[in-house]
Amino acid sequence: MATSAAAQETFFALREEIARIEGRLAARLEETAPAAGSGAVLVRRNGLAVTSLLATGAEGFDRALGGGLPQAALTEIQGAETRDAGSSTGFVLALVSLLLGEAPAPVLWTGTFDVFREAGLPYAPGLRSLYGIEPARLLVAPAQRLADALWIAEEAARMGGFSAVLVEIRGNPARFDLTASRRLHHRARDAGRPVFLLRQAGFPEPTAAPVRLIVSPAPAGPRQTVSGALCGSIGPPSFRIAVSKSLSAPAAQFTLEWNVHERAFQERGAENPVAVAPLSRDGPHIAAKTGTGLAFRYRAEPAARAEPAGKQFAPHRRLG
Amino acid sequence: MLSRQENNSRRIAALDEKAERLGLRRGTGIADARAMYPSLEVAEADPEADRRLIEALADWCDRYTPLVALDGVDGLFLDISGCAHLFGGERCLLDDIAARFFHQGFAVRAGLASTPGAAWAAARFAPGGCILGQGEEESFMAGLPLAALRLEAATRTSLESVGLSTVGSIAGAPRAPLARRFGTTLILRLDQALGRVEEAISPRLPVAVLSVERHLAEPVALMEDIERLVLLLAGSLKQDLERRGEGARSLELLLFRVDGAVGRVAVGASLPLREPHLIGRLFHERLAALEREIDAGYGFDLVRLSALATAAFESTQGDLSGAALSGDRDIAMFADRVRARLGPDALLRPQLSGSHVPERAASLRRIEAVPAEMHAVSDSLAGGSAVERPLRLLTPAEPIEVPATEVPEGPPLNFRWRRALYRVTRAEGPERIAPEWWREQEAAASRDYFRVEDADGRRYWLYREGLYDPFEKIRTRWYLQGLSA
């Protein structure tokens, strides 16, 4: 008995050691049931609450990942081609938007010049309307060389003052090898803040990131109006996510949709639980400040309310 | 011997001692000199290089006093008020200057006096290393020729033609007739030399608010040593900053090399700095970026750290854990370090502006002061609209080929972008954006924007420039401007 108990203790100690090296909680090894809520607050660093997992809100996806994406880690997000940059960027920014909800701190987006030239520079009005990322919250650091971008990312990741750090690279450069990804991962783990590696036009290669997701575009659903779907319209952003590497999930594919009004993911196919015409995008309507406001600052959602009932068409079709 | 073009003839601009011994003088024509001594070696004078050299020397003289001014093309003024004691007195200072210049291979004449005019004369007309005490100017100047008064050649010759050839003869003469006949400059120069009129020299560089320096008996060349010195100096700078209740916004490190070259390394801080280790980290990044450009040569024997600009330092009290207020400071420090290493354009922030043209509505700008802006919610018309915009903007917009549209002003059926063909399955639009006539130089065409989705589900933001006109046959052009999620 005594020997078996001692052996078990050694076994558990080893298991914990492995879990510590891999940067996840030991309890997760056995736990298969989804964690309740978004996870407990583990540490408080720089005034930001650090939770262990980031729940995306899409239940099946979260369950497959064992509760959500690890927060204190490097997460690799990959787009197969440069033209998929819109989708992969959109998915990462959606994750950032979720993070900003719990920890309002600046976001750093670094990358090399060539990726910004090929896939375009971040466009603040789009980031703001879709993901609620204020321009004042975003720092963009285009770097001449990959080494500089990695230096910026490592320094930012180590600091932990950012709510998220995005590193965007193109292809599979030789300089960004397993060692470089391990350095980023360790810094993210020590600081407790996530680092997202956004790889455009690359193929999967060995990485220290515990989770790698491959994002490809998915046709968007139609816009929902009070009287049903609006024919021929392009609805909220949709993504096809393939889990390519995960410590807990088997390879799987999901189609997620970003709910712009709720600022949360939902799985495609699920019945839309959200009101078709939301009251207001940014919470309940607040009385405008006197004096400073412009008359048309708070505008209703255009497609949702302005369309007449009855047979619905996209605007351009009515021209023809 | 150096020659120079002057009034259509080549004349001697400068000559060495050997040529001087042959009896040649400045201003002699090169042709005459060659006729006398055919083996003369003549090189073209380079005034630009001379100017650079004298400026480099002025930089180097910064080690004695921050107030260094250029005097013509061949002289330097050093205002050593309050600096002489640092070098052990005026005599030691003068000897030190003369010795260091001698070892660098320059022949210098130095003079020291209470007024710039008298010092100028002492350097040029007295035997080497002349020091004039307070009140000795008059007796010293009296015996010197008129050239010692920094007069123009025309004034001097006309004075000499009436028999006034020494300073003493003018100083004793009645002033009013002199001024009437030879101009007030003469009187002014005389008064300046004798200390009756204040004369200020204009220093080349602005004087730093605070500076600390360290003279080294043994020159240092290694970057690690320099960084350690920066920490030491920043430690002494901190005391001065604390006394003034300020922090440094802009710092400069001066490295005086043994052979006279001066290296300047400047860093800026977005928040006032005081802590030595923070200053040390900024310089660490800057020095790492400049590692190839800084040539230590035989080493640096004087290192000076100056605060060029300071600002009030706000002392904040953190909570007991000391964590509460560190977020902004961390990010400010991070931004400073990135900019110190990779230049001011390394860190940008999007900025919205009130414009309907998409590429003008938002731009990436340099960061001026980090924390103040960081939490300010921008409240601009451009970003507040509920119209959907792409996530990434291609700048400039890339032209695409559109073979056909369903209706003349409708969205494309397919398009070719970067040599690949995309079939459009769905489209939304148009959203017409007219050019801003108050900004454009010439009339630009209006744009019709479409959000389109291709067969794979990628979403793009396209626009057509110009309108179809069945009679005019105006060519319209299509562009792809953005990628959406």
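Reader: In which strand of chain B does B:Pro396 lie?

Author: B:Pro396 belongs to strand S14 of chain B, which covers residues 392–400. Please bear in mind throughout that this is a predicted model.

Reader: What makes the peptide bond from B:Thr395 to B:Pro396 cis?

Author: The value to look at is omega, which is near -5° for the bond from B:Thr395 to B:Pro396, and this bond is cis. A cis peptide bond also joins B:Gly429 and B:Pro430, with omega about 0°. B:Pro430 is found in strand S16 of chain B, residues 420–433.

Reader: Why are H6(A) and H7(A) called roughly parallel?

Author: Helix H6 (residues 146–159) and helix H7 (residues 178–191) of chain A have axes that cross at roughly 20° and come within 7 Å. Angles under 35 degrees count as roughly parallel. H6(A) and H7(A) are therefore roughly parallel to each other. The crossing in which H6(A) passes H7(A) is left-handed.

Reader: Which residues of H6(A) and H7(A) meet?

Author: From H6(A) come A:Leu150, A:Ala153, A:Glu154, A:Ala157, A:Arg158 and A:Met159, and they meet A:Ala180, A:Arg183, A:Leu184, A:Arg187, A:Ala188 and A:Ala191 of H7(A). Sorted by class, this contact of H6(A) with H7(A) holds eight nonpolar, no polar and four charged residues.

Reader: Why are H9(B) and H10(B) called oblique to each other?

Author: Helix H9 (residues 175–182) and helix H10 (residues 184–194) of chain B pack at an angle of about 125°, and their axes are 6 Å apart. Roughly perpendicular covers 65 to 115 degrees and roughly antiparallel begins over 145, while the rest count as oblique. H9(B) and H10(B) are therefore oblique to each other. In H9(B), B:Arg175, B:Leu178, B:Ala179 and B:Phe182 meet B:Thr184, B:Leu186 and B:Ile187 in H10(B). The contact of H9(B) with H10(B) is made of five nonpolar residues, one polar and one charged.

Reader: What is the order of the strands in the open sheet of four strands in chain B?

Author: The order is S8-S11-S9-S10 (chain B), and the pairing is antiparallel.

Reader: Why do strand S8 and strand S10 of chain B stand at the edges?

Author: Strand S8 (210–220) and strand S10 (262–273) of chain B each have a single partner strand, so one side of each is left without a neighbour in the sheet. On average, neighbouring strands of this sheet are turned by 15° against each other, direction ignored.

Reader: How do you know that S8(B) and S11(B) pair?

Author: Two strands pair if there are at least two bridges between them. S8(B) and strand S11 (residues 300–312) of chain B have seven bridges, in the antiparallel sense. B:Val212 stands opposite B:Leu305 in S11(B). B:Arg214 has B:Val303 in S11(B) as its bridge partner. S9(B) and S11(B) also meet the requirement, pairing in the antiparallel sense over 11 bridges. There, B:Leu255 has B:Val303 in S11(B) as its bridge partner.

Reader: How many strands form the open sheet that runs from S7(A) to S15(B)?

Author: Seven strands form it, in the order S7(A)-S14(B)-S19(B)-S18(B)-S17(B)-S16(B)-S15(B), with antiparallel pairing. Strand S7 (121–122) of chain A and strand S15 (414–417) of chain B stand at the edges, each with a single partner strand, so one side of each is left without a neighbour in the sheet. Within this sheet, strand S17 (residues 447–454) and strand S18 (residues 459–465) of chain B pair in the antiparallel sense over seven bridges. B:Tyr463 in S18(B) is the bridge partner of B:Tyr449.

Methods
Residues numbered from 1 in each chain as written. Chains lettered and ligands numbered in written order. Predicted model: local features only at pLDDT ≥ 70, side-chain atom pairs only at ≥ 80, totals over all residues. Axes fitted to C-alpha atoms, helices over the stretch in contact; angles between N-to-C directions. Helix = DSSP H or I, 4+ residues; strand = E, 2+ residues; numbered from the N terminus. Left-handed = near helix turned anticlockwise from the far one by under 90°. Contact = placed C-beta atoms within 7 Å. Nonpolar A, V, L, I, M, F, W, Y, C, P; charged D, E, K, R; others polar.
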